[in-house]
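Morning, everyone. Let's walk through one structure together. Please have a look at it first.

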Amino acid sequence: GEYTVAMAQMYPDRNFVGVDLKGARMWTGAKAALNLKLSNVAFLRMPIERIADCFGTDEVAEIWITFPDPYLSQCRAKKRLTSPDFISLYRRILRPGGLIHLKTDEPNLFAYTQKVITNSGGHLVDKVDDVYGSSTENELLRIQTAYERRHIADNRTIRYLSFHL
């Protein structure tokens, strides 16, 4: 919710939809959006596997995946939000030229996603190995959620990728 609200504030002429299964995250974001009187933000509490039920073909311009569960064990790899199955799902709703963004503190997920991009015929647009140790000018990368602030306090490196399918 926090990332969605922050982007909606930065870009009032664009619409943003946050998707999560956890109700508390949606409630926090929805409450903030209401308090800020934002009319360009909405939230869906649902499994991401059903996202194509809510958006049509080529309807989505960008997808932001921020600090997802990395599901590090190989037996749970299909649950990773950047797995080939999810990439196929995103391909259905993402418009041509649309971007997928990943922001994570997990180096294994970061490396895994780069392999998935290559294997799925995707094209890496931007790669930042250390968001706060680099001179990136992308203001969206400076948005911090409560989780991200905790990761930074724990001296974890924040990484970022963007790619086309």
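Which element gives the most to the lining of the largest pocket? Strand S3 does, with 7 residues. Keep in mind that this is a predicted model.

Let's stay with that pocket. The space in the largest pocket is about 1700 Å³. The lining is made up of 47 residues. Closest to the centre are Gly18, Val19, Asp20, Trp64 and Ile65. Several elements each supply at least two residues of the lining. Among them are helix H1 (2-10), strand S1 (16-20) and helix H2 (23-35). Strand S3 (60-66), helix H3 (84-93) and helix H5 (146-153) belong there too. And the classes? The lining has 27 nonpolar residues, 8 polar and 12 charged.

Now the sheet. A quick reminder: strands of a sheet pair through backbone hydrogen bonds, either parallel or antiparallel. In this model, 4 strands form an open sheet. The order is S3-S4-S6-S5, and the pairing is mixed. Why is one side of S3 and of strand S5 (123-128) left without a neighbour in the sheet? Both stand at the edges with a single partner strand each, so one side of each has no neighbour there. On average, neighbouring strands are turned by 15° against each other, direction ignored.

Next, one pair in detail. Strand S4 (residues 94-104) and strand S6 (residues 159-164) run antiparallel, joined by 5 bridges. Take Ile100: its bridge partner in S6 is Phe163.

Last, back to H3. Helix H3 packs on the sheet and touches S3, S4 and S6. The direction of H3 makes about 140° with that of S4. H3 also supplies at least two residues of the pocket lining.

Key. Residues are numbered from 1 along each chain as its sequence is written. This is a predicted model: local features need pLDDT of at least 70, side-chain atom pairs count only at pLDDT 80 or more; totals for chains, interfaces and linings use all residues. Side-chain values use heavy atoms; hydrogens and water are left out. On a 1 Å grid over the protein atoms alone, a cavity is a set of points where a 1.4 Å probe fits but cannot get out, and a pocket is an open set with protein on both sides within 12 Å along at least five of seven lines; lining residues have an atom within 4 Å of a point. Grid points are joined across faces, edges and corners, and a volume is the space filled by probe spheres set on the points. Ala, Val, Leu, Ile, Met, Phe, Trp, Tyr, Cys and Pro count as nonpolar, Asp, Glu, Lys and Arg as charged, and the others, Gly among them, as polar. Two strands pair if DSSP finds at least two bridges between them. Axes are lines fitted to C-alpha atoms, for helices over the stretch in contact, and angles run from 0 to 180 degrees between N-to-C directions. Contact means heavy atoms within 4.5 Å.
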